[in-house]
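Could you walk me through this protein model, step by step? I would like to see how some of its parts sit against one another.

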Amino acid sequence: MKQRVVVTGLGAISPVGNDVATTWRALLDGQSGAGPITKFDAELFSVRFACEVKGFDPLLHMDRKVAKRADLYTQYAVAAAVQAMADAGFGDGTGYDPNETGVIVGSGIGGLSTFEDQHQTYLEQGPRRISPFFVPMYIADIAAGVVSMQFNARGPNYATVSACSTSAHAIGEAFRTIQYGDAQVMIAGGSEAAVTPMSIGGFASMTALSTRNESPETASRPFDLTRDGFVLGEGAGVVILERLEHAQARGARIYAEVLGYGATGDAHHLTGQLPDHEGLQRAMRRALRDSELAPEDIDYVNAHGTSTPLNDSNETRAIRAVFGDAADALSVSSTKSATGHMLGAAGGMEFIACTLAIRDGIVPPTINYSTPDPECDLDVTPNSAREREVRAAITNSSGFGGHNATLVLRRPDTI
C-alpha cells in the first residue's frame, strides 16, 4: 500500500531572496532578479547580464571548513537544506530517524566555477598545483553527500542530473521513495551556480539567452511575443517531504500533499522538443493519472516557461492538449520571469512557488508581459499576482536531452 506524502519544510536561495519568505514576497511583488554580471568581467561577452544570487553568506548556514571545501553550488544546496530542515522542525537535529531520512539533491551542471578555476590553475602553474579537493568539489552528486553529512541522513542518498528537470526529478523520486516505504523523511531539490564565463559563453553561443543587455530586468518575458531567450539564474530550492503519518505523529505543519509525478523522455533532439511538446504532454498525463485528479481539479500551472521562442508556444499547446476545455479556467505563470532560469534548481524553486500558492491562495505573476502572442493564449497571470483558490497545482520541467517531469500538489485540507 503506497504511503501518503506531504510537504513540511521549504528552503530557498534565489536571485530575488536568500530565504523563502523574501523570495515569495519578491515573486508576488513582481521583482526581477536580473542585472549586470558581477561574478566575472563580462565586457567581451555578447550577453552581459544574469539573475545572480546577491549577498549570500555561506557561514550563516555551515561551518567555515565545510564552506571552504565546497563549490558555490554545494553551498547554496546546504543553505537551502538548512532552511528547509529548520522550517520542518528538524533544525536541532532531532525529530527524525537518521536511518529513515534520505537526500536526493541534484544539479544540472555541478561545480562549474571550481572546474574553471582549477583548469586555470593547471594552465598557469601546472598539474601539481591542482587542488586535492578539485574532484569532490566539482562532481554533481557532492551536494547530496554534504547535505547528508550535515544532518546525519543515512537513508537513500543520490543526485539526479537531468539538466533543467533535475530538481523536479529529485522531488519526484523522493516522493516515490517515501511512497514505497524506503524512507520516512526526504530532503529533496536542486542547486546551481553556473553564472561563469564558460556557461554564459556556451549558452550565448547556442543563442539560447536573451541579448537585452540594455534592459536586463525586462529580458525574461515568458509567453510574450517579443521574447528572445532565457536569462541564466542560479540558487537552490530544497523541500522536506515526509510520510503523512510521521508528520502527523509529531504535530508538524503540513503545507501540501504531493499526489502525482510523471516523467518522460522525448528521444528526439539534443536541445529541442517534440512538436506540441508531446513528451511533456505525456508527463502531465502520467502525473494527473498518478494523482487520480482530473484536469478540472487543477487551478494553477507553474509552467516551465523559459522565455524562449520555441518552448513557450510549444508548452502552451501541450497544456491545451492535456487540459482541453479546462485550460481556459487555469491560472498559468512562469516564475522564471523573475528568477531567470535556475537550471538544475528551477524545478525545486517552482515546486516551492506552487506550495505557497496553495497555502496563500494567490498566484505569482508572469512579469515583463506586454505583447500578447497568439500562440501563447493561456491566462498567464500577466504582471500582477492574483488572489484565487488553489485547490491543486502542477509544475512542469523540461531539460536538454529531452527530459520532462511534472509534479502535482494538493491543498492539505483533505487530510
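Here is a short tour of helices, single residues and a pocket. Keep in mind that this is a predicted model.

Let's begin with helix H13, which covers residues 346-360. Helix H7, made of residues 166-179, meets H13: their axes come within 5 Å and cross at roughly 65 degrees. On the H7 side, the residues involved are Ser167, Ala168 and Ile171, and on the H13 side they are Ala346, Gly347, Gly348 and Phe351. Sorted by class, this contact has four nonpolar residues, three polar ones and no charged ones.

H13 also packs with helix H1, residues 20-29. Here the axes are 11 Å apart, and the angle is about 75 degrees. Angles of 65 to 115 degrees count as roughly perpendicular, so H1 is roughly perpendicular to H13. From H1, the contact uses Val20, Thr23 and Trp24, while H13 brings Met349, Ile352, Ala353, Leu356, Ala357, Arg359 and Asp360. By class, the contact of H1 with H13 has seven nonpolar residues, one polar and two charged.

Next, look at helix H6, residues 142-151. This helix is mostly covered, with eight of its 10 residues buried. The buried ones are Ile142, Ala143, Ala144, Gly145, Val146, Val147, Ser148 and Phe151. What lies over them? The cover includes helices H2, H3 and H5, along with strands E4, E5 and E6. Just after H6 comes Asn152, which takes a positive phi of about 55 degrees.

Now for some single residues. Leaving aside neighbours within four places in sequence, Thr339 is in contact with Pro15, Val16, Leu27, Cys51 and Gly233.

Ala303 sits in the loop between strand E9 (300-302) and helix H11. With a relative accessibility of 0%, Ala303 counts as buried too. Not counting residues up to four places away in sequence, Ala303 touches Phe223, Glu315, Val332, Ser333, Ser334, Lys336, Glu350 and Asn396. Ala303 and Gln3 are 300 residues apart in sequence, and their C-alpha atoms are 28 Å apart in space.

Another loop, the one between helix H8 (197-205) and strand E7 (235-243), holds Leu225. Setting aside residues up to four places away in sequence, Leu225 touches Thr371, Pro372 and Asp373. Leu225 and Leu270 are 45 residues apart in sequence and 25 Å apart in space, C-alpha to C-alpha.

Finally, let's visit the largest pocket, which has a volume of about 390 Å³. Its lining consists of 27 residues, and Thr271, Gln273, Thr308, Asn311 and Phe400 lie nearest its centre. Which elements give two or more residues to this lining? They are helix H11 (309-323), strand E13 (392-399) and strand E14 (403-410). H11 supplies the largest share of the lining, three residues. By class, the lining has nine nonpolar, 16 polar and two charged residues.

How values were computed:
Residues are numbered from 1 along each chain as its sequence is written. This is a predicted model: local features need pLDDT of at least 70, side-chain atom pairs count only at pLDDT 80 or more; totals for chains, interfaces and linings use all residues. Side-chain values use heavy atoms; hydrogens and water are left out. Axes are lines fitted to C-alpha atoms, for helices over the stretch in contact, and angles run from 0 to 180 degrees between N-to-C directions. Helices (H or I, at least four residues) and strands (E, at least two) are DSSP runs, numbered from the N terminus. Contact means heavy atoms within 4.5 Å. Ala, Val, Leu, Ile, Met, Phe, Trp, Tyr, Cys and Pro count as nonpolar, Asp, Glu, Lys and Arg as charged, and the others, Gly among them, as polar. Angles under 35 degrees count as roughly parallel, over 145 as roughly antiparallel, 65 to 115 as roughly perpendicular and the rest as oblique. On a 1 Å grid over the protein atoms alone, a cavity is a set of points where a 1.4 Å probe fits but cannot get out, and a pocket is an open set with protein on both sides within 12 Å along at least five of seven lines; lining residues have an atom within 4 Å of a point. Grid points are joined across faces, edges and corners, and a volume is the space filled by probe spheres set on the points. Buried means under 20% relative accessible area, exposed over 50%, partly exposed in between (1.4 Å probe, protein chains only).
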